[in-house]
Amino acid sequence: MQTLVIIGAGRVARTFGRLMSTVVNVLQVYSRSLAHARSLAGELGADATDAPSALLTTADYYMVAVSDDVIATVLDATPTTAGVWFHTCGSCPMSVFSGKRERYGVIYPLMSITGNDDFDELPLFIEACNDDVAKSITGLVTAMSRESVINIHHHYSDSEERRRLHLAAVMTCNFTNHIWALAHDLLPDYQGFDIMMPMLWSMYSRLGSGINPRDSQTGPAARGDVATMERHMAMLDGTTRDVYALLSRSIGEMYHTGVNDSKLSRIKGIAFDVDGVLSPSTITMSATGEPMRGVNIKDGYAIQLAVKLGLEIAIITGANVDAVRVRYEGLGVKSVFLGAGEKLPVLTRWAADCGLSLSEVAMVGDDIPDVPAMRAAGLAVAPVDAAGEVRAVATMIAPVRGGHGVARYLIERVLKARGLWLDDTHAFGW
């Protein structure tokens, strides 16, 4: 029977040790903690050591099941042997062995391993330094799968593919588990998390039937239900509130923007309506009947930054109030058009004056008078609470209400697409 030395005594080492002990003779377990090494070694009928120099040199396989950041240190501290060395990490490249060992590879389990072996299927991803080692590792995994009640199946992937798999696994498992923990804290004291299980099993069933996760998304962010999201946000505080806001924005971008960075990078000018876009659609009236418009500070920062970085910015509004001109000229906007009953002629003339084609211009509106200009522009943008007729012609829907950061959202995305966001020259001042 072939032989194995295990380096590490954590959950992955224990799980793999139990699985592999059915097809190899485990000779030794090494850990920096002798107590941990003895615990696993006792279970597997092996010797234990906490001295790297005492590692046996005659084994066929050496499994390095330690944290990514200490693999190189372990290799430097342990003797070189003729056996096949492999690690079990997702994000650590196989090249960590290069120059330190002659025969090496990777066996990465795509599984959240708790040490309880509470799974009935185990995908393994294999990489090897050459065909001979690949054959040896594959033989080990195949033998292990024959002897195990767990459905073990293997695949081949290089280090870059495995790194992406590990990232996807962290988001799929670790992040969602954290969300569940946050959700558990929101439940009434008398109610356990098991009340959520029927919903989760239904979701798993949909995904298990081959439905793409993009096609199974539900909830207020996916349907653009801003009122519900705002009620939820009012119930939260601190980091939990930030997590809710960030995930809602991400969902909104996935299901309501429909615009990629390539298209955004071609935008050289942006024209904004005011009421319902840069100011909330519900505004206060003064004693004389004049609308008292609110403004968004983050919008202001984004607009002045866009001007400094060379984006053409225009304000095209039906309002004829000098305060609007003062506000946006104060941010560096030179093209402020008030009293624009019809916006398309103004948009067309402004674009021509700037030397831009309409295909290079974004028009941001929220109500029916904005529709002709939005249809003519290369990019039509609407707040999430825009009129239905406007959202129907929009190619991008910002996941925020009018007056709550629409300009910041669009300008940030355009500047990021052009590699200009957080530009050192202008980003850190007004």
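1. C354 is partly exposed, at a relative accessible area of 23%. C92 is buried, at 7%. Here buried means under 20% relative accessible area, exposed over 50%, and partly exposed in between (1.4 Å probe, protein chains only).

2. A note on the basis. This is a predicted model: local features need pLDDT of at least 70, side-chain atom pairs count only at pLDDT 80 or more, and totals for chains, interfaces and linings use all residues. Residues are numbered from 1 along each chain as its sequence is written, and side-chain values use heavy atoms, with hydrogens and water left out.

3. The search of the whole structure returns zero (a disulfide is a pair of cysteine sulfur atoms within 2.5 Å). C92 is in none; the nearest cysteine sulfur belongs to C89, 5.8 Å away.

4. Strands 7 and 8. Strand 7 (residues 121-128) pairs with strand 8 (residues 151-156) in the parallel sense, over six bridges. Pairing takes at least two DSSP bridges between two strands. Helices (H or I, at least four residues) and strands (E, at least two) are DSSP runs, numbered from the N terminus. P123 has H153 of strand 8 as its bridge partner. With helix 4 (residues 131-147), the two strands make a right-handed β-α-β unit. Right-handed means that, with the strands pointing away from the viewer, the path from the first strand over the helix to the second runs clockwise.

5. Strand 14 (residues 361-364). V361 and M363 point one way, A362 and V364 the other; all are buried. Strand 9 (residues 269-272) runs parallel to strand 14 and is joined to it by four bridges. A271 has M363 as its bridge partner in strand 14. Strand 15 (residues 379-383) also runs parallel to strand 14, with three bridges between them. There, A362 is partnered by L379. The chain passes from strand 14 through helix 14 (residues 371-376) to strand 15, in a right-handed β-α-β crossover.

6. Helix 11 (residues 297-308). Its 12 residues reach 17 Å from first C-alpha to last, close to the expected 16 Å. That expected span is 1.5 Å times one less than the number of residues. D299, G300, Y301, A302, I303, Q304, L305 and A306 are buried. Their cover includes strand 12 (312-316), helix 12 (322-329) and helix 16 (406-417).

7. Ends of helix 11. N296 caps the N-terminal end: a side-chain oxygen of N296 lies 3.0 Å from the backbone nitrogen of K298. Just after the helix, G310 takes a positive phi of about 95°.

How values were computed: Contact = heavy atoms within 4.5 Å. Polar contact = N/O pair within 3.5 Å; in protein donor to acceptor, adjacent residues only side chain to side chain.
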